[in-house]
Amino acid sequence: MEPISVLIVDDEVEFLETLAKRLRKRKLVVNVVTSGEAALEKLLAAPVDVVVLDVKMPGMSGLDTLREIKKRHALMEVIMLTGHANMEVAIEGMDIGAFDYLMKPVEIDQLLYKIQDARKKKALNEKSDLLGTPGRSS
Amino acid sequence: MSDIEQARKGETPFGMSFIRANCTAASVNVFRMIKSMDELAPGKYSDLHDRFRSIQGRISEILTQRKEIGAGPLTIVLSEIDKTRSDEAGNKMANLGEIRNHLGVNVPDGFVISSRAFRELINYGELQVEIDRLMQSSPTDEKDQLLSLFSLSAQIQQQIIRTAIPADLKSAILAAYGELERKEGQGVKVSIRSSALGEDSGLNSFAGQYRSELNVSADNLLQAYKEIAASKYSPQAIVYRLNRGIRDEDVDMCVGCMAMVDAVAGGVMYSRNPFDAGDGRIFIHSVFGLPKSVVDGSIAADLFVISRKPFQIAEEHIAEKLQKFVCYPEEGVCRVEIAGSEASKASITEDFAIELARIALRIEDHYGNPQDIEWAVDEKGEIVILQCRPLRQENLVPQRPGGPYQVPASEVVASGGLRASPGAGYGPVFVVRKESDALLFPKGAVLVVKQALPRWAALLGRASALVAEQGTEAGHLANVAREFGVPAILGLESATELLKNGQPVTVDADGLRVYRGRIESLPANKVTSKSLMDGSPVLDILKKVSENIIPLHLLDPEARDFNPSGCRTFHDITRFCHEKAVMEMFNFGKDHRFSEKASKQLVCGIPMQWWVLNLDDGFMEDVPGKFVNLDNIGSIPMLALWKGIVAVPWQGPPPVDSKGFMSILIEASSNPALDPSMPSPFADRNYFMISKNFCSLNSRFGFHFSSIEALVGDRANENYIRFVFKGGAADHERRSRRASFVGAILDEFQFHTETKDDGVSARLEGYDLEVMKEKLGILGYLLMHTRQLDMIMLNDASCEQLKSKLLADIFSVILSKSSGPVAPGSIPGSKSYHNKKEAK
């Protein structure tokens with residue numbers, strides 16, 4: 001199987017770099033950006049399997065970014081990862097179509113599993129999309 | 001949800017960020033289930049959304065509620081403060097204002113920067129949101145905990161100090177200072193003290209968690225204000241609030257600014273003996289210069305004890321005071337040496353001591369409880385009161401070395417000092433000399449320090465005992481040690497040299513001795529598990545919140561209220577979704593044309609009364625038709641379970657005594673829910689739902705209902721097994737006994753079990769693949785062999801006999817590596833199953 005490609009979006013540079021390094025060690029192809037706007041730009045140029053998205057960022061908010069990603073790339077999976085434990089925001093994110101809503105600090109393996117699961121779901125949806133059968137999107 | 005259930009017991013400390021994170025995670029998971037139901041049966045269960053929103057709304061409301069304090073002023077002059085304004089001024093300043101304005105006690109002029117001011121500061125530029133985020137994201141794993149505590153504290157404090165004070169607050173503070181200048185003179189220096197909401201309230205001691213700054217000049221007023229405000233997040237304050245279940249958002253930091261008193265003498269007095277509730281004498285500790293050194297225990301102090309009747313000096317101990325703290329002319333304080341005979345002179349006269357005692361009695365009388373009072377004598381020779389608060393009296397009778405325990409003297413490593421907190425504790429020595437040592441302090445170690453500084457309180461939550469060379473039982477650190485139940489000896493000379501890092505010792509605070517190694521005869525570490533969370537606001541909130549999450553009301557799928565509007569908690573919703581999901585999926589073949597998605601009857605040689613629904617990748621290859629052969633099952637947990645199910649052939653029900661049989665007959669004829677002719681889609685059928693790593697089994701044998709759900713794969717931390725066993729046909733007592741019977745067996749195999757009425761639930765999680773398979777084998781075995789036990793359940797002897805037989809089977813067949821299913825032929829197809837297993 002192709003290595004999983006992820007894009008991490010977070011305005012905290014230190015966190016971003018540590019996480020990227022640890023995921024790369026686990027054989028993922030990792031790109032990083034520090035804002036929602038940059039994420040959308042990056043995805044246009046080079047689509048990925050899974051996006052890991054912070055909720056609270058200066059500029060375009062996490063939820064707006066999520067909405068826009070889902071609009072432009074319906075099958076791309078997005079995992080929200082945030083230090084803000086906010087139920088309303090979490091549910092809004094899930095409603096828009098996030099794959100999951102994780103809270104920092106997250107165990108690296110747990111995040112890795114989520115990324116793997118998200119990619120698996122994406123692959124399934126792409127398959128059923130191709131076959132024209134109603135897909136399981138949960 | 002199990003984390004929330006565990007936390008409800010209040011045994012381990014947790015904060016609001018724990019509650020918020022868990023509520024958020026729970027609602028995300030429940031919401032995801034509801035969305036899955038929408039996929040499965042579009043529109044059919046949309047009412048669930050309303051229920052979900054309403055439950056979530058209730059939780060949100062509980063999480064966000066806080067005591068609303070009106071829009072009071074940003075600063076308040078001391079002359080307008082009394083105890084009724086403690087919500088605006090904090091307890092410390094409210095107490096001072098009270099005695100100044102209602103009792104006429106001499107208190108320096110000043111003002112308070114209010115709780116509203118603090119909130120304006122903290123909400124400015126979303127500082128609070130940022131603080132919450134930092135608290136939430138801080139690592140919680142054991143090894144990083146301390147390091148992250150200190151760095152978290154530093155980060156938050158820096159954020160607050162860096163933040164710009166909002167313009168209106170800034171001008172309010174400067175205006176209040178200007179007014180003080182008019183009364184006290186141009187450029188008057190001030191003392192700036194924390195006066196947090198809840199601090200000194202008598203319930204919690206908050207001892208020494210926050211900063212105070214003495215002799216601050218006008219230039220640094222604003223900076224000092226921010227520093228004191230930031231000390232809300234000192235490491236010891238964070239640890240204290242966490243352990244005591246106090247919400248961060250309930251602690252607004254009011255700050256008191258008072259004209260600085262350049263004291264010639266000062267100290268602390270207690271209106272009663274703090275360590276002996278039966279002793280009503282007044283205790284006055286006194287030093288030259290500022291009272292600071294009495295508070296932090298750094299310099300030996302004179303002691304005057306005054307009896308009430310007759311009102312006179314009962315005891316007088318003059319210490320050799322080699323140093324004192326005085327004000328620098330420009331700003332700040334400094335420590336100066338006291339030369340020659342001066343050091344041994346009394347710091348105050350007897351007349352002053354009597355006068356002080358009189359004030360102490362007046363304040364005690366006014367408040368109606370014992371008081372802890374900080375005082376000073378100014379350069380004009382007048383007594384001023386700087387602080388007063390309720391005194392926590394404890395019975396702490398001084399101990400003599402040795403204590404009640406017989407331990408050979410050769411085992412003594414150090415002895416002496418005074419008992420600051422009772423009990424005994426065992427652990428390796430860890431000497432903390434500087435701040436950076438503190439970062440490495442291991443959990444369960446004995447904390448050894450030179451000075452009993454308040455900042456070491458941050459480590460007390462992890463320490464098994466405390467030993468310090470200096471300090472007294474009246475100090476801040478001693479206070480916290482007692483509150484946290486950590487045994488402590490203070491004033492033990494040369495402790496940091498006598499005790500070597502890493503050396504295992506037993507600290508016997510009651511005997512004032514430190515012993516080599518663990519002394520078994522001492523009740524070491526017994527005192528610790530004090531439930532500090534009990535009755536705390538945070539635990540209270542968790543309990544309220546969990547009422548909307550944990551309780552299960554939807555029990556019976558056949559009942560009329562088994563519908564979305566009957567869901568009152570998140571648990572109800574998950575129960576409902578689970579049940580309906582099963583139904584929808586088993587109906588799939590009927591309502592839809594995709595027959596490959598319908599359930600298949602399991603074939604082991606011949607078709608059996610077991611049906612299998614493949615959710616995802618549970619079959620080795622696609623299966624057309626109505627049957628699936630065991631060979632084609634690829635589900636790891638199902639195969640493990642099946643191995644247990646077929647391991648030992650069932651002998652049929654055990655012999656029944658006639659009373660047992662009658663009980664079943666009577667119950668069956670009187671309990672309609674048990675009538676097997678009642679329409680139920682799952683009666684007497686056993687359903688597996690599987691994927692490669694998942695298996696859920698619902699089975700009904702006669703009157704018994706059981707369900708097993710398991711996730712088993714290479715990700716050990718995601719692995720789990722849940723098991724529920726309920727019902728039965730006999731009377732309630734027999735059913736309950738059977739539930740306990742099954743629970744007791746599962747207990748022996750590391751399951752967490754809970755028995756309630758006639759049901760037993762068990763869970764197990766986090767083990768690796770092989771262990772999980774073994775446990776599933778045990779469950780499968782029990783599933784088959786605990787059927788129809790109700791009849792013998794009132795007979796203790798047969799219960800015991802049966803238990804030994806079951807355990808013997810489990811050990812000899814299930815847990816023994818060499819054996820496979822016995823008696824080939826007893827379950828048709830078991831041979832091919834076995835071969836399959838080996839081939840994998």
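B:Pro310 sits in the loop between strand S8 (302-307) and strand S9 (312-317) of chain B. Helices (H or I, at least four residues) and strands (E, at least two) are DSSP runs, numbered from the N terminus. The peptide bond that joins B:Lys309 to B:Pro310 is cis, with omega near -5°. This is a predicted model, in which local features need pLDDT of at least 70 and side-chain atom pairs count only at pLDDT 80 or more, while totals for chains, interfaces and linings use all residues. Residues are numbered from 1 along each chain as its sequence is written, chains are lettered from A and ligands numbered from 1 in the order in which they are written, and side-chain values use heavy atoms, with hydrogens and water left out.

Chain A also has a cis peptide bond, from A:Lys104 to A:Pro105, with omega near 0°. A:Pro105 lies in the loop between S5 and H5 of chain A. Most residues other than glycine have a negative phi, and most peptide bonds are trans. B:Ser494, a residue other than glycine, has a positive phi, near 55°. B:Ser494 belongs to the loop between strand S19 (488-490) and helix H16 (495-498) of chain B.

Over all chains, the structure holds 51 salt bridges. A salt bridge pairs a side-chain nitrogen of Lys or Arg with a carboxyl oxygen of Asp or Glu within 4 Å. A:Glu12 and A:Lys104 form one such bridge through their side chains (3.5 Å, N to O). A:Glu12 lies in the loop between strand S1 (5-9) and helix H1 (13-25) of chain A, and A:Lys104 in the loop between S5 and H5 of chain A, so the pair ties together parts that are 92 residues apart in sequence.

The interface comes next. Chain A contributes 28 residues to the contact and chain B contributes 33 residues; contact means heavy atoms within 4.5 Å. Together the two chains bury about 2,600 Å², 53% of it on carbon and sulfur atoms. Buried area is the accessible area (1.4 Å probe) that two parts lose on being put together, summed over both. Of the area that chain A buries against chain B, 26% comes from A:Met87, A:Ile91 and A:Tyr113, more than from any other three residues.

Five salt bridges are counted between chain A and chain B. A:Asp100 and B:Arg32 meet through their side chains in a salt bridge (2.7 Å, N to O).

On the side of chain A that touches chain B, helix H4 (87-96), strand S5 (100-103) and helix H5 (108-131) each supply at least two residues. H4(A) gives the most, with six residues. By class, this side has 10 nonpolar, eight polar and 10 charged residues. Ala, Val, Leu, Ile, Met, Phe, Trp, Tyr, Cys and Pro count as nonpolar, Asp, Glu, Lys and Arg as charged, and the others, Gly among them, as polar.

Helix H3 (residues 62-72) of chain A packs with H4(A) at an angle of about 5°, their axes 10 Å apart. H3(A) is therefore roughly parallel to H4(A) (under 35 degrees; over 145 is roughly antiparallel, 65 to 115 roughly perpendicular and the rest oblique). Axes are lines fitted to C-alpha atoms, for helices over the stretch in contact, and angles run from 0 to 180 degrees between N-to-C directions. In chain B, helix H4 (residues 86-103) and helix H12 (residues 350-367) pack at about 100°, with axes 11 Å apart. H4(B) and H12(B) are therefore roughly perpendicular.
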